[in-house]
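We will go from stop to stop, with something to select at each.

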Amino acid sequence: MNIFLIPVDFSANSLVALEQATLLSRLDRGSLHLLHVIEPVGFNTALKNLLFNQEDQVEAFKKEALMKLEELASDIRQTSALDVICSIEVAKPYRAIIDTAKKIKASYIVMGTNGIDETKDIFVGTNTSRVISESPCPVLSIRKKPKRKGFKNIILPLDLTTDTTQKVKSVINSGKFFGATIHVISVLMTDEMRIKALLRKQLNEVEDEILAAGVSCVAKLIEGKDIVESIFEYAYDEEVKADLIMIMTRQENDFSSMILGTQAARIVNNSKIPVFSITPKK
């Protein structure tokens, strides 16, 4: 049974993520784990130390947050008959999410993000990037409320790196699960015929693999000057109307593991539709 971990800070975007995770869990007969993180920032100021007992403050916040989580969980249990667990952690948001995902052996993390231009919410920007970069499982990040439930048109961008084809198995499973059409695309940014031939060959191979699995597929080579903008332009096209982008992220053993690659970060922070991030196996 799949376990869906949902960080909930009670913002509109985190509640949208919870709604989407509930749908996925119902379809998959999985379970939900709702996590609220209290970030211990600001408790040590001189004024607050004079006026309040820090531990009492934290306990008060935990009690109130748990009550709100349990209200959400109760509604889900009644309407969807799903198993729902709630937990509260006092830590850096990204650290609590990663540690909880490992502890409960989460199958997926589903989280709301306001994008890189918003900073008032704790589950944005750096936190989102670090969660995706260090996550032990795939991460579905949602910036805006989807126009429909489920996913009917899934974008699979490919490049010539070895690990990018690891997305194919996941996208096939998703295509079967939702009855979706997979749009396999590559962005050509050079006139070099050898690169064009390699991209075309890879597209054809991936398209054949997806079709052989019984999933609808469209493969297209796009010419453009900017990979991310080209992906968005195709995804938002009225004839495509994509509702999910699947990307491959990378994990390293040094400081760079804390930061998403430039293109991945741009997609996650700016996409109008949900982004499914997968970390390649080493």
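Which kind of contact do the side chains of Arg266 and Glu229 meet in? They meet in a salt bridge, at 3.7 Å from N to O. Bear in mind as you look around that this is a predicted model.

**Stop 1: a link between two helices**

Keep Arg266 and Glu229 selected and colour their helices. Arg266 belongs to helix 9 (residues 262-270) and Glu229 to helix 8 (residues 227-236), so to speak two distant parts of the chain, 37 residues apart, linked by this pair. Arg266 is partly exposed, with a relative accessible area of 27%, and Glu229 is also partly exposed, at 44%.

**Stop 2**

How many salt bridges does a search of the whole structure find? The search gives 12. For another of them, select Lys241 and Glu238, whose side chains meet at 3.7 Å, N to O. Here Glu238 counts as exposed, at 60% relative accessibility.

Next, go to helix 4 (residues 93-104) and pick Arg95 and Asp99. Their closest N and O atoms are 3.4 Å apart, in a salt bridge. The two residues are 4 apart in the helix, which separates them by about one helical turn. Asp99 is partly exposed, with a relative accessible area of 39%, and Arg95 is partly exposed at 27%.

**Stop 2: the rings**

Switch to the aromatic side chains, where a search of the whole structure finds 5 aromatic pairs. Select Phe177 and Phe178, an edge-to-face pair with 4.9 Å from centre to centre and 85° between the planes. Phe178 is buried at 12% relative accessibility, whereas Phe177 is partly exposed at 36%.

Are the rings of Phe232 and Tyr236 stacked or edge-to-face? Their centres are 5.5 Å apart and their planes lie at 10°, so this pair is stacked. Both residues sit in helix 8, 4 residues apart, about one turn of the helix. Phe232 is buried, with a relative accessible area of 7%, while Tyr236 is partly exposed, at 27%.

Two more selections belong here. Phe4, Tyr108 and Phe276 form one aromatic cluster. For a charge and a ring, show Lys68 and Phe10: Lys68 lies over the face of Phe10, at 5.5 Å from the ring centre.

**Stop 4**

In what order do the 10 strands of the open sheet run? The order is 3-2-1-4-5-10-9-6-7-8, with mixed pairing. Strand 3 (83-90) and strand 8 (217-223) stand at the edges with a single partner strand each, so one side of each has no neighbour in the sheet. From one strand to the next, the twist averages 20°.

Now select strand 9 (residues 244-248), where 5 of the 5 residues are buried, so the strand is largely enclosed by the rest of the structure. Both of its faces are covered: Leu244, Met246 and Met248 are buried on one side, and Ile245 and Ile247 on the other.

Look at the neighbours of strand 9 in turn. Strand 10 (residues 275-278) pairs with strand 9 in the parallel sense over 4 bridges. Within that pairing, Met246 has Phe276 as its bridge partner, and Phe276 is also one of the residues in the aromatic cluster of the previous stop. Strand 6 (residues 153-157) runs parallel to strand 9 and is joined to it by 2 bridges; here Ile154 stands opposite Leu244.

Step onwards from strand 6 to strand 7 (residues 181-188), which runs parallel to it with 5 bridges between them. Asn153 has Thr181 in strand 7 as its bridge partner.

**Stop 5**

Helix 4 lies across strand 1 (3-7), strand 2 (31-38), strand 3 and strand 4 (108-112). Relative to strand 2, helix 4 runs at about 150°.

Definitions and conventions: Residues are numbered from 1 along each chain as its sequence is written. This is a predicted model: local features need pLDDT of at least 70, side-chain atom pairs count only at pLDDT 80 or more; totals for chains, interfaces and linings use all residues. Side-chain values use heavy atoms; hydrogens and water are left out. A salt bridge is a side-chain nitrogen of Lys or Arg within 4 Å of a carboxyl oxygen of Asp or Glu. Buried means under 20% relative accessible area, exposed over 50%, partly exposed in between (1.4 Å probe, protein chains only). Rings of Phe, Tyr and Trp (its six-membered ring) pair if their centres lie within 6.5 Å; planes under 30 degrees apart count as stacked, over 60 as edge-to-face and the rest as tilted. A charge sits over a ring if NZ of Lys or CZ of Arg is within 6 Å of the ring centre and within 35 degrees of the ring normal. Two strands pair if DSSP finds at least two bridges between them. Axes are lines fitted to C-alpha atoms, for helices over the stretch in contact, and angles run from 0 to 180 degrees between N-to-C directions. Contact means heavy atoms within 4.5 Å.
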